[in-house]
Each structure stands twice: as C-alpha cells, then as structure tokens.
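Hello,

Here is the structure you were waiting for. Please look it over; my notes follow.

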Amino acid sequence: MRIFVVGAEAVSVCGVGRAALASHPVLRTGTLLPSRQLARTHPGVGAAEVPEIPEEAELFSPRATARMSRASQLASIAVKRALREADFRDARHEIGCFLGVGGSGGSVGEVEAMLSTSVTEGALSYRLLGNVGLSACNPLLTFQTLHNFTLCHPTIAEGLGGPNGAFFSRGAGTLVALEEAAASIREGDCTRALAGGADTALHPVTWAELARTGYAENGLIPGEGAGVLALTSSGEGALAELESVAIHRARGKTLERVTTRALHEVAAGAPALPDHVVIAPWGDASRACLRACVEARLQRVAMTDASRIFGESLAASPALAWVLGVDLLVRGAATRVLVLSHGIDEELGWVQLSRGGAR
Amino acid sequence: VSRAVITGVGAVSAFGVGVDALWNGLARGAGAISEIRSFDAGTFPTRVAGEVPVAAASTALLADHLRLERDVLPLISQWEADGTLRDRKTPFALLAAAEAWGSAQAGASEKAASLSLASGLEQCFLEDFVSLFRDGRIDWNSDRASALPKTRFRSPAELPARCLSELFELEGRTIVNASACAAGTLAVAHAAALVERGSAPVVLCGGTDSLVNPLALGGMSRIGAPSPRAERDACRPFDRRRDGLVIGEGSAMFVVESEERARARGVKPLARILGWGSSGDAHRPTAPLPDGSAAARAMERALSRAGLGAGDVGYVNAHGTGTLLNDPAEARAIRKVLGAHADRVPVSSIKGAVGHLMVASGAIELAASLLAFERDLLPGTANHRERDPECDIDVIGEMPRAAAVDVVLKNSFGFGGQNATLVLGRVR
C-alpha cells in the first residue's frame with residue numbers, strides 16, 4: 001500500500017506554518033538571537049527559537065496554556081494546521097496520531113518556589129517538602145512533565161481517537177512515530193494518521209544537560225519546534241508520497257560507515273535517485289560527515305541543511321526536516337527528496353519523499 | 001505472517017526480584033503494599049507504596065542476580081560510580097531483562113535483538129539543585145562538573161534503554177515508548193509488530209518505572225490519584241469503597257520472537273501475542289472518558305487484529321487502578337466489547353497487590369497474566385471485597401481463581417487518554 005502526505009505543517013524559528021519556511025534565514029553561530037526562554041537562567045545563549053506566536057495561532061485559553069509544556073503548545077499548533085491542510089474533518093475518533101516527544105518542559109520558577117519552602121540550613125528537608133513544598137507547585141506537571149502530554153494535548157484538543165503512540169526521541173523516536181503511523185494505515189488500524197515530533201532544547205534543565213555533556217561545544221545550536229505530516233493511503237491531492245522510512249543504527253559504528261552503506265543500498269535498489277537531500281545533523285562533525293557521504297555517493301544532488309535553519313530541536317528535528325522536504329516538492333524545487341537526520345542519540349534517520357502522487 | 005510469541009519473562013515487583021516471587025505472591029492471594037522505606041514520607045499525603053524490597057539498587061544487588069555470559073561487574077561498578085543506577089528504574093530493568101534473557105535461553109545468536117522499552121518519567125533529583133540555590137533562585141552559572149554526571153538534576157528518560165542495550169550488547173534498534181501507563185503494553189505490542197513485519201528477529205521488550213520518590217509521589221498526590229489512606233489495603237480495584245490508587249515500582253521484561261524461530265531453537269513459548277490495539281480518549285488529560293467507548297475501541301481493535309470475537313476471551317486482566325473514575329469506565333468498556341459474555345468472563349486487577357507501576361504497569365500485569373497459562377490460575381484482585389454496581393462485570397475477588405483459559409485480554413490506560421490492549425493466547 002502506498003502512503004501519501006496530504007498535510008505538512010511546522011512551527012519553528014521561521015514562524016508558524018510551512019509557508020514561513022520559504023523565506024528562512026540561515027543560522028550562523030555568533031549571529032543568533034539570544035533565547036528568551038533561557039534569558040533568566042542562561043543569559044546570552046544564541047538559539048533558534050520560535051518567535052512570538054501570532055494571536056491567530058493561539059489555540060488555547062491562558063489557563064490551558066499555563067498547564068501545557070512548550071512542546072505541547074507547539075505540537076498543538078502544528079497538529080491543528082496539518083489536520084486543516086489535509087481536510088481531515090470527519091470521523092476524528094478514527095484518526096491515528098504518533099509523535100516523537102521530549103523531556104521536561106515545566107517552569108523553573110515553580111521549582112524555585114518549591115525549593116524556597118523545602119530547603120533549610122543548606123539541605124533539602126523531605127519533611128518540609130511534604131508539609132509545604134508540594135503546595136508550591138505540582139512537580140509532576142511542572143518539572144517532570146509527563147512525556148506523552150506532548151501527544152495528548154493536541155489529540156484532546158482535536159478529538160483524535162485513533163491508534164496512537166508517544167516515543168521518547170532524541171532523533172530516532174520521531175522516525176519510529178512516522179514508521180508506526182504508516183504501518184497503522186498499511187495494517188488496517190486506521191485510514192488516516194498524523195506523524196511528527198515536537199520538542200524544545202530551550203528548557204533550562206535540558207540546556208544545562210546539553211552544555212554539560214559537551215554538545216554545545218560541538219556546534220549544536222539549540223532550537224525548538226514541531227513538525228507534523230498528515231498521512232493517508234489515497235493519493236488524491238497529495239503533497240508528496242512517503243516512499244520509505246528507515247532507521248540505521250549508528251551507535252557503536254562510525255556515522256560515515258552507516259551513512260555510506262545506507263546510501264549504497266538505496267542507490268542499488270531505488271527506482272530513482274533523489275535530486276535533493278535534506279540533512280539534519282546535530283552538530284559540526286555530524287554535518288561534515290553527512291555532507292561528505294552524500295557528495296561522494298549522490299553526484300549533482302542539491303543539498304539543504306535543515307539544522308542550519310531550525311537548529312537542534314531534539315524530537316522535533318527530523319519532523320521539521322520532513323516538512324521542509326515536502327515544501328521543496330510542493331514548490332517544485334525537487335521531484336524526489338531524501339531526508340537524512342542524525343540526532344544526538346547517534347541514530348541515522350532516513351525518509352524518502354517524492355512529488356505528489358506521481359511515480 | 002509469522003506469529004510473535006513470548007519466550008522469556010523476568011520481573012521485579014513489590015513481591016521481590018524474580019517472576020516466581022510475583023507469581024507465588026499472586027497465587028497466595030497476597031498483597032505487598034507497605035509503608036515507604038526508601039525516604040522519609042512521613043509528611044507526604046501518600047505514605048504507602050508497592051516498593052521493591054531491596055535496600056539499595058547497588059552493584060552488589062545486581063551482581064547477585066545478573067547471570068550473563070560475560071563479566072559485567074566492571075560495567076555495573078562504573079554505572080554505580082557515575083550515578084547511572086541512581087534512578088531505581090534502571091537497575092530494575094536490568095534485573096528483569098537478565099531474568100527474561102535467561103529464561104528464553106537467549107545467547108549470542110539473539111544479540112541482533114531490538115529493544116522496545118516503556119521507560120518512566122525522568123526522575124528529578126531536587127537535592128541536586130540545593131547547592132545552586134541562593135536567595136530564592138537557582139544560580140545556573142555555578143553548575144560545575146558533577147560526581148554523578150549521568151543523572152545530574154534528572155535521569156534521562158532513555159537511560160534504562162541505553163544501559164540495557166549496552167549490557168546485552170544488542171545490535172538492533174532501540175525504541176523508548178513514552179505513552180504513560182499504556183506504554184508497557186504498547187512496548188510489547190510494538191515488539192510483536194516488529195517480529196511479525198520481519199523488522200526484527202528478536203525483541204527484548206517490557207517496561208520499567210519507579211515513582212516511589214518524593215517529587216513523583218507528591219505530584220501524583222497533587223493530582224488526587226492515590227488513596228488518601230496510608231494503609232496496606234489502600235488500593236481496592238472495582239470495589240465499592242475504592243478511593244484511589246497506590247503507587248508501585250518495578251519492571252517486567254520479555255523476549256519476543258517468531259514462533260518458528262523459537263521452535264527451531266528448541267524453546268517452548270510461554271504465550272502467543274495474538275493481537276493488539278490502541279485508541280485515544282480525546283477527553284481530558286487526567287480523567288478517562290466515562291462511558292468507556294474509547295477504551296472499548298482499543299479492545300475491539302486488538303480482538304479484530306487477533307481475528308477473535310468476544311466469545312473467545314477467557315480472562316481480562318484489567319487496568320483496574322482502584323480510582324473512582326477509571327474502574328467504572330473500564331467496566332463499561334469491557335461490557336461494551338464482551339456484551340453478554342461479560343457476565344462470565346473473569347476480570348481482575350493486580351494493582352491492589354503490587355501497586356500501580358505506571359509506565360511499567362502493563363508489563364508487570366502481562367507477566368502476571370502468564371500465570372493463567374503457566375499454572376491455570378487467574379490472579380485475584382487484592383482488597384476487592386464489596387461489589388460496585390457501577391462496575392457490572394465478573395471481578396475475581398481477593399483469592400486467585402483456578403481456570404484453564406486460552407485467551408487473555410490485557411488492558412492498559414494512560415494519563416492523557418492513551419488506551420492499549422494486548423491479546424495473549426495459550427501455547428499448547
């Protein structure tokens with residue numbers, strides 16, 4: 001069964017919507033705007049941050065927004081727009097939704113409020129925490145944010161009741177989401193499904209972790225966003241066809257070896273080679289390797305570096321690159337796009353898309 | 001299609017380390033809820049839990065239980081030193097996986113296995129912030145190299161999966177399911193899907209979680225999910241007097257492969273994975289759809305995939321949290337799917353005995369469900385004494401029920417409205 005993309009939407013540093021991608025600037029270290037979200041905890045960190053979300057894209061009441069993580073908000077916007085573009089209006093309880101999701105996204109201010117009431121003489125007191133600290137905030141919803149709420153807030157808002165799955169992702173989990181969405185259609189669990197990822201690297205704890213473990217020193221530009229594809233088996237009015245999805249395990253092997261082998265396999269078996277490659281590397285070494293492998297294997301192919309547009313948005317990175325790939329096809333800049341993503345989990349993601357329903 | 005089977009199982013629960021501890025406890029109709037010992041919960045709204053009875057998740061504990069072909073002690077020692085074992089769900093997963101690996105007689109030829117793991121919330125270590133906390137604010141600039149770099153501030157959600165992959169030298173892909181309390185069941189379903197699609201020859205799968213820590217316990221209490229009673233019978237699934245859940249911790253892991261592969265290497269499967277399904281409530285983040293219609297869709301999808309009807313189901317292992325809202329909604333879902341058969345299909349929940357293992361709940365309850373095939377015994381529902389007319393199904397009481405059933409249907413429902421059902425079949 002063939003799988004088609006009938007909606008592709010994104011929220012990113014470029015703004016809200018796929019149309020905003022066409023005028024994207026290229027990010028360069030040293031010229032990045034400092035992150036607003038990190039301004040208090042890590043002032044001056046340059047980031048690929050989603051600009052202020054325009055009022056018409058606000059989907060939630062202030063009360064609802066306060067309960068949602070940043071990733072949940074971004075996912076909700078992208079899901080709503082993808083559903084609209086796909087014209088998935090009816091029988092929403094049968095529409096599947098599979099997302100790659102990230103980690104904590106709550107308010108550090110609330111953690112500080114909890115500490116203020118729970119630390120005495122330089123030490124944490126469980127007695128105080130139990131007595132008064134827990135009344136400062138709900139740690140389950142503000143700090144250890146439930147991962148799957150990035151999926152569930154949009155599914156609740158949009159009434160999506162089909163098969164679903166939330167996969168923790170530093171890259172590959174988002175590919176799993178796409179695989180499972182396509183499989184759920186192929187295997188008859190549903191006829192329409194959404195797939196994508198949403199995340200932010202601009203939460204203070206996440207950024208502290210990335211900085212401490214050396215990612216920041218290796219060219220990682222922190223970003224955030226959400227990308228969502230709407231999939232179905234009907235090619236009518238399709239933006240693109242999803243030709244293949246694969247995850248190649250790079251951990252324990254060199255990225256070069258894995259990428260070269262994957263490209264060799266596709267060159268040997270594919271009916272036609274891509275004329276455009278979108279790479280989504282997580283840092284400088286990854287970028288150089290993917291570029292070199294593509295240039296060695298696929299001559300005369302155009303290449304776009306999605307990470308130079310979106311930064312590293314963790315679970316969102318592959319999905320943003322897919323939406324960019326679809327956009328290239330829709331605008332006629334390519335007929336067949338290969339998206340190679342390499343996340344900080346060291347897995348290589350592979351997605352091949354072709355224009356419309358034609359093959 | 002090559003049918004997926006379970007060939008190995010391992011478990012860590014409030015009954016202790018090992019699936020036999022779980023099965024024996026359930027076979028006795030026992031409960032394992034007790035006062036929290038791992039930290040001073042005296043002022044917390046919840047003071048009982050299904051806590052795994054180990055003093056510490058240490059190298060010594062793992063060395064006692066891991067029986068692998070290679071010497072893993074140096075690796076474990078390194079993990080203890082760098083904080084990897086700090087979040088109890090990681091060592092629990094290692095212990096359960098080692099048991100599953102051994103019971104499946106897995107070895108070098110299974111190293112191509114993939115991993116499908118339901119992994120719980122990142123655990124936040126509030127104490128790590130204390131040294132940075134000055135004048136009411138966290139001074140992030142004073143954050144320096146840590147003696148526990150792997151789990152500074154929080155344990156990464158994917159850490160247990162990374163450890164499992166490294167310990168067992170798995171060559172396949174790693175999938176971390178983060179679908180809240182539906183994740184354990186979905187992770188096993190995903191394993192079966194990978195095997196049936198030919199995407200993986202073998203999958204190590206299951207779930208691990210521990211919310212028996214100050215912030216998680218406090219957070220769940222703020223939501224109002226746990227029973228306010230700090231008593232051993234605090235969780236009373238489907239009982240008229242129920243007033244909330246009890247938090248548990250632990251892990252259950254399985255080895256899943258195709259039936260042909262298992263038979264070819266001389267391993268008798270423990271169960272067939274016949275079908276699975278999922279759905280979304282699309283209702284509210286922390287409350288189920290009251291009429292159970294969305295949960296019913298997950299069950300119907302699972303039965304449809306299995307090619308079975310309501311009359312084929314011999315036993316339902318329920319999600320059965322013991323909360324006011326979940327149990328009647330689930331009972332309605334079961335009745336909607338099973339129709340008149342619901343009068344005679346036994347249903348039980350083990351959460352009164354071991355607590356709610358959250359992300360790992362589906363996995364531990366699948367392990368418990370294997371009791372039906374291993375010993376012709378359906379687990380009882382600890383603390384279920386008074387029938388609730390709102391839960392109009394045949395709930396097994398506190399003691400297990402002897403019965404030889406061929407098909408088991410397992411439900412798991414998560415916060416956010418994610419529902420999952422798996423159908424297991426007996427292997428004769």
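**Helix 11 of chain B**

Helix 11 of chain B covers residues 326-338. Its 13 residues reach 18 Å from first C-alpha to last, close to the 18 Å expected at 1.5 Å a residue. That expected span is 1.5 Å times one less than the number of residues. Helices (H or I, at least four residues) and strands (E, at least two) are DSSP runs, numbered from the N terminus.

A word on the source: this is a predicted model, where local features need pLDDT of at least 70, side-chain atom pairs count only at pLDDT 80 or more, and totals for chains, interfaces and linings use all residues. Residues are numbered from 1 along each chain as its sequence is written, chains are lettered from A and ligands numbered from 1 in the order in which they are written, and side-chain values use heavy atoms, with hydrogens and water left out.

Helix 11 of chain B is mostly covered, with 10 of its 13 residues buried. Buried means under 20% relative accessible area, exposed over 50%, partly exposed in between (1.4 Å probe, protein chains only). Among the buried ones are B:Asp327, B:Glu330, B:Ile334 and B:Leu338. They pack against helix 10 (293-306), strand 12 (315-317), strand 13 (346-348) and strand 17 (407-414) of chain B. Just after the helix, B:Gly339 takes a positive phi of about 60 degrees.

**Interface of chains A and B**

The contact (heavy atoms within 4.5 Å) takes 70 residues from chain A and 65 residues from chain B. About 5,900 Å² is buried between the chains, and carbon and sulfur atoms give 57% of it. That area is the accessible area (1.4 Å probe) lost on being put together, summed over both parts. The rule finds eight salt bridges across the interface. Here a salt bridge is a side-chain nitrogen of Lys or Arg within 4 Å of a carboxyl oxygen of Asp or Glu. A:Asp189 and B:Arg305 meet in a salt bridge at 2.8 Å, N to O.

**Nonpolar cores**

The largest core has 99 residues; A:Leu231, B:Leu22, B:Phe254 and B:Leu424 touch the most other members. Helix 12 (residues 317-330) of chain A gives the most to this core, with nine residues. Apart from it lies another core of 68 residues, including A:Cys97 and B:Val12. A core is a set of buried Ala, Val, Leu, Ile, Met, Phe, Trp, Tyr and Cys residues joined through side-chain atoms within 4.5 Å.

**A:Ser125**

A:Ser125 is found in the loop between strand 5 (123-124) and helix 4 (126-131) of chain A. A:Ser125 counts as buried because its relative accessibility is 15%.

Best wishes

Methods. Buried area is the accessible area (1.4 Å probe) that two parts lose on being put together, summed over both.
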